[in-house]
Amino acid sequence: MRMSDNQSSHSVRTRGMAMTALFAALSIVFGYIEHLIPFDFGIPGVKLGLANLVIVTMMYTFSKRQTLFVLFVRIFVCAMLFGNIYSLLYSLAGGVLSFGIMCVLKKIKGFSPIGVSIGGGVAHNIGQLAVAIIVLNSPNIALYLPVLLISGGLTGGVIGTCANTIINRLTKADLTS
Amino acid sequence: MKKKDIILLLLIIAAALIVTAVLALTGAFTGGDKVVVTVDGEVYKEFPLNENVEYKIETENGGYNLLVIKDGAAYVTEASCPDKVCVNAGAAQEIKPVVCAPNKVVITIEKD
């Protein structure tokens, strides 16, 4: 079926909007799952970062604006539903720093989504640790840095590997915008 | 996985090892004999690690954490917050303070 230029640009915009909303809903569900079943491997502060799966995937299949929109919707909705003002601060610092680092890594040639996600995972943990040091006013917490570096790299790698597969399939199915 | 991905991961692991080594050399991980409780960044109370005590830390927002020091280990057995991160954290160690974010309570093991 052929469409006129006007019609097709409308349908592309509508699809982009619908996909963005779909991804926003998905990332909130991931946030909820992680709230229900904390994948913390017995180490406090360590999280799998399921919601970041959506962000990494979107970075490669949608625009930066759409990705940021989903990131902020998730952070605010999840904080309102399952958290408090402190968890909002932690998520914001982790999410924004992680997104910034992932944008930089993606721009540098030679990184696959896995590497980008590893950088994002580590940046997320560093952002949260920084907030913890400021909020709790306790520089001693910085001793926890090595644990968070390793765990961020590993969970980032796991999420990146999944995102890599999803990105390939979305691109093949032409579900990007 | 591309070459640069692996390099990044190795760099991160190396950074973690270097930080650990520096902290270990400066003795930050061992030899603590003092339990320090801080609330909102201010020292609230100190206990010797080798004395068995139970102490209820009460904070301004009406919350509390029950600190137990027993056989050289300091941990939180009860807390007013809903998430119980501090209770599940186990014993405080030099490298691993027990933190209660809602009450702004941090329990660290330090050296005299």
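In what order do the elements of chain A run from the N terminus on? They run α-α-α-α-α-α, and chain A accordingly has six helices and zero strands. The model is predicted. Chain B has two helices and seven strands, and 27 residues of chain A are in contact with 28 residues of chain B.

**Chain A**

- Chain A has 177 residues, and a compact globule with that number would have a radius of gyration near 16 Å; the value for chain A is 17 Å, which agrees.
- The C-alpha trace of chain A spans about 65 × 35 × 25 Å along its principal axes.
- Of the 177 residues in chain A, 45% count as buried.
- Taking contacts in chain A between residues at least 6 apart in sequence, 69% join residues at least 24 apart.

**A buried serine in chain A**

- S151(A) is found in helix α6 of chain A.
- Is S151(A) buried or exposed? S151(A) has a relative accessible area of 11%, and because the cut-off for buried is under 20%, S151(A) counts as buried.
- A polar atom of the S151(A) side chain lies 3.3 Å from the backbone oxygen of L148(A).
- Leaving aside residues up to four places away in sequence, S151(A) touches V46(A) and N125(A).

**Chain B**

- From the N terminus on, the elements of chain B run α-β-β-β-β-β-α-β-β.
- For 112 residues, a compact globule would have a radius of gyration near 13 Å, but chain B has 17 Å.
- Along the principal axes, the C-alpha trace of chain B spans about 55 × 30 × 25 Å.
- Buried residues make up 38% of the 112 residues in chain B.
- Among contacts in chain B with a separation of 6 or more, residues 24 or more positions apart account for 34%.

**Interface of chain A and chain B**

- The area buried between chain A and chain B is about 2,400 Å², and carbon and sulfur atoms give 75% of that area.
- Which residues of chain A lose the most area to chain B? They are L136(A), L143(A) and P146(A), together 24% of what the chain A side buries.
- Three residue pairs are in polar contact between chain A and chain B, with both residues at pLDDT 80 or more.
- On the side of chain A that touches chain B, α4 (85–107), α5 (113–135) and α6 (145–172) each supply at least two residues.
- The largest share of that side, six residues, comes from α5(A).
- By class, the side of chain A that touches chain B has 18 nonpolar, eight polar and one charged residues.

**Salt bridges**

- How many salt bridges does a search of the whole structure find over all chains? The search finds two.
- One is between K34(B) and E46(B), whose closest N and O atoms are 3.8 Å apart.
- K34(B) lies in strand β1 (residues 34–39) and E46(B) in strand β2 (residues 42–48) of chain B, so the pair ties together parts that are 12 residues apart in sequence.
- K34(B) is buried, with a relative accessible area of 15%, whereas E46(B) is partly exposed, with a relative accessible area of 43%.
- The side chains of D40(B) and K104(B) also meet in a salt bridge, at 3.8 Å from N to O.
- This pair links distant parts of the chain, 64 residues apart: D40(B) is in the loop between β1 and β2 of chain B, and K104(B) is in the loop between β6 (98–100) and β7 (105–110) of chain B.
- D40(B) is partly exposed, with a relative accessible area of 40%, and K104(B) is partly exposed as well, with a relative accessible area of 21%.

**A separation within chain B**

- K34(B) and L8(B) are 26 residues apart along the chain, and their C-alpha atoms are separated by 38 Å.

Technical notes
Residues are numbered from 1 along each chain as its sequence is written. Chains are lettered from A and ligands numbered from 1 in the order in which they are written. This is a predicted model: local features need pLDDT of at least 70, side-chain atom pairs count only at pLDDT 80 or more; totals for chains, interfaces and linings use all residues. Side-chain values use heavy atoms; hydrogens and water are left out. Contact means heavy atoms within 4.5 Å. Buried area is the accessible area (1.4 Å probe) that two parts lose on being put together, summed over both. A polar contact is a pair of N or O atoms within 3.5 Å; within protein, one must be able to donate a hydrogen and the other to accept it, and residues adjacent in sequence count only if both atoms are side-chain atoms. Helices (H or I, at least four residues) and strands (E, at least two) are DSSP runs, numbered from the N terminus. Ala, Val, Leu, Ile, Met, Phe, Trp, Tyr, Cys and Pro count as nonpolar, Asp, Glu, Lys and Arg as charged, and the others, Gly among them, as polar. The radius of gyration is taken over C-alpha atoms; the globule rule is 2.2 Å times the number of residues to the power 0.38. Buried means under 20% relative accessible area, exposed over 50%, partly exposed in between (1.4 Å probe, protein chains only). A salt bridge is a side-chain nitrogen of Lys or Arg within 4 Å of a carboxyl oxygen of Asp or Glu.
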